[in-house]
Amino acid sequence: MDLNEQNREQWVSRVGFILAAAGSAIGLGNIWRFPYITGTGGGAVFLIVYLLAIFFIGYPIMVTEMTIGRKTQRNPIGAFKALAPNSPWWLVGALGVLSGFVILSYYSVVGGWSLAYIFKAIGGSFVTGTAFDELFIGQISATWGPIIWHFVFMAITIGIISAGVVKGIQKSVQILMPILFILLFVLVVRSLTLPGASKGVAFYLRPDFSLLTWRSVLNAVAQSFFTLSLGMGAMLTYGSYLSQKENIPDSALSVVGLDTLVAVLAGFAIFPAVFAFGFDPGAGAGLTFITLPAVFAEMPLGAFFGFLFFLLLSIAAVTSAISLLEVVVAYAVDELKMTRVSASIIIGLIVFVVGIPSSLGYSVLSDITFLGMDLLDTYDWISNCVFLPLGGLLTCIFAGYVWGSRNTAEEANKGEGSFKVGDFYSILLKVIVPIAIFIVMIFGILETLNAHFEWGLPFF
Ligand code: TRP
């Protein structure tokens with residue numbers, strides 16, 4: 001174990017840190033959500049807006065979060081307290097810890113579905129087309145099955161986090177991330193070599209600007225936050241285990257690049273196959289869990305490829321879930337002086353319990369809705385449309401004006417590296433990013449209210 005003066009663990013290598021941060025970023029957001037919002041958002045046009053959001057909004061925030069973490073060597077709450085003592089800025093860290101808690105609670109439910117589907121694929125339910133029904137229909141199985149899988153998923157997450165930063169997080173990502181890349185590569189090759197695959201490629205890459213809507217711009221910016229694990233101190237916490245020798249602008253660029261690569265490749269694994277068998281790419285949230293099993297049922301050796309796909313999805317989900325739990329555990333260890341093992345178990349179990357209603361939202365609690373959304377979508381909406389943008393916005397204002405963009409840039413640029421941030425970064429941090437996030441947050445909330453209450457506002 002590598003400890004610094006404060007007896008805090010540190011990543012043992014630069015690659016270890018990049019893989020851990022990329023593991024956090026690459027998750028359900030890339031493989032489950034990105035393809036379906038691209039599918040409903042018009043394909044290629046959506047991709048263009050998304051890439052702009054990633055590089056001009058996501059990247060500067062990632063550099064900022066990692067820098068605050070490395071500078072203070074603390075959890076999000078402790079970090080803001082250290083940089084701005086006796087001020088209410090620590091509340092931004094508290095919002096982050098709360099968001100980590102809420103996101104993990106439903107993220108783990110979806111991660112549990114993914115684990116369940118690995119076994120459904122092996123058991124042949126894709127071929128008979130019953131995977132979805134087996135998991136979600138029928139009073140008893142639909143109530144308990146997903147909860148048990150949610151529990152299994154949380155148990156894996158707790159197991160890794162309780163083992164520590166180096167022996168838990170770093171060790172697991174060094175094993176799992178290479179497997180993830182190999183699986184994705186195999187699936188992309190399989191999908192692209194199916195007869196009829198080219199229609200899917202055309203849909204994905206041919207921009208049709210008439211499909212560009214406010215909704216897809218909002219989705220693209222919100223997705224850039226979620227997919228890069230920003231706005232709640234996850235990258236801040238991972239940065240807090242980084243040594244002063246590492247250059248942050250370089251590392252963050254690798255993380256952003258890997259995350260984007262995986263999202264784009266996930267589209268190549270999914271769309272050609274969906275088109276080859278004549279399914280609808282715009283199926284929405286059910287694309288992964290309803291459309292894809294049907295696609296695998298048609299495909300030669302579909303059970304095998306279905307197994308590989310859900311293994312990929314589960315690995316991606318676990319390496320992200322650990323970063324969410326780590327934020328809350330780091331807080332409990334630093335500030336509440338709990339041991340890592342007890343903090344992991346206690347917090348993990350509370351998260352499991354908090355997640356149960358979002359699982360039951362598909363069975364016994366399906367009557368409960370908020371603004372027309374089921375419980376899981378409600379948790380997801382509050383975190384993605386309110387908590388994460390607010391956290392990102394306040395982090396930018398803090399770094400840009402309170403700590404100062406010059407201090408932030410200077411701290412980020414410490415260490416050897418080929419790429420440094422400068423004046424353009426300061427302008428992004430102080431002006432462009434906060435304005436962009438503010439607009440997107442307000443419009444996002446208005447859009448949802450407008451659709452639900454049928455206000456008939458212009459623009460939407
Ligand atoms: N980025 C992950 C994904 O795409 C999810 C995630 C992990 C996350 N940690 C986060 C999202 C922190 C927001 C904040 O699936």
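**Before you start**

Residues are numbered from 1 along each chain as its sequence is written. Because the model is predicted, local features need a pLDDT of at least 70 and side-chain atom pairs count only at pLDDT 80 or more, while totals for chains, interfaces and linings use all residues; side-chain values use heavy atoms, with hydrogens and water left out.

**Stop 1: the ligand**

Now look for polar contacts (pairs of N or O atoms within 3.5 Å). Next, pick S229, where an N or O atom in the side chain is 3.0 Å from a nitrogen atom of the ligand. Then try S323, which has a polar side-chain atom 3.2 Å from a nitrogen atom of the ligand.

How much of the ligand does the protein bury? Taken alone, the ligand exposes 360 Å², and 100% of that is buried by the protein. Those areas come from the Shrake-Rupley method with a 1.4 Å probe.

Colour the helices next (DSSP runs of H or I, at least four residues, numbered from the N terminus).

**Stop 2: the largest cavity**

Rolling a probe the size of a water molecule over the atoms shows where empty space is left. On a 1 Å grid over the protein atoms alone, a cavity is a set of points where a 1.4 Å probe fits but cannot get out; a pocket is an open set with protein on both sides within 12 Å along at least five of seven lines; lining residues have an atom within 4 Å of a point.

The structure holds four cavities of 30 Å³ or more. The largest has about 140 Å³ of space. Among its 18 lining residues, select S24, I103, F226, S229 and L324, the closest to its centre. The ligand sits in this cavity (more than half of its atoms lie within 2 Å of the grid points).

**Stop 3: the largest pocket**

Move on to R33, Y36, R215, D377 and D380, which lie nearest the centre of the largest pocket. About 970 Å³ of space lies here, and 39 residues form the lining. Which helix gives the largest share? Select α19 (423-453), which supplies nine residues.

**Stop 4: the second largest pocket**

Finish at N7, R8, E9, V333 and D334, the closest to the centre of the second largest pocket among its 13 lining residues. This pocket holds about 280 Å³ of space. Its lining has three nonpolar, three polar and seven charged residues.

Notes. Polar contact = N/O pair within 3.5 Å; in protein donor to acceptor, adjacent residues only side chain to side chain. Points joined across faces, edges and corners; volume = space filled by probe spheres on them. Helix = DSSP H or I, 4+ residues; strand = E, 2+ residues; numbered from the N terminus. Nonpolar A, V, L, I, M, F, W, Y, C, P; charged D, E, K, R; others polar.
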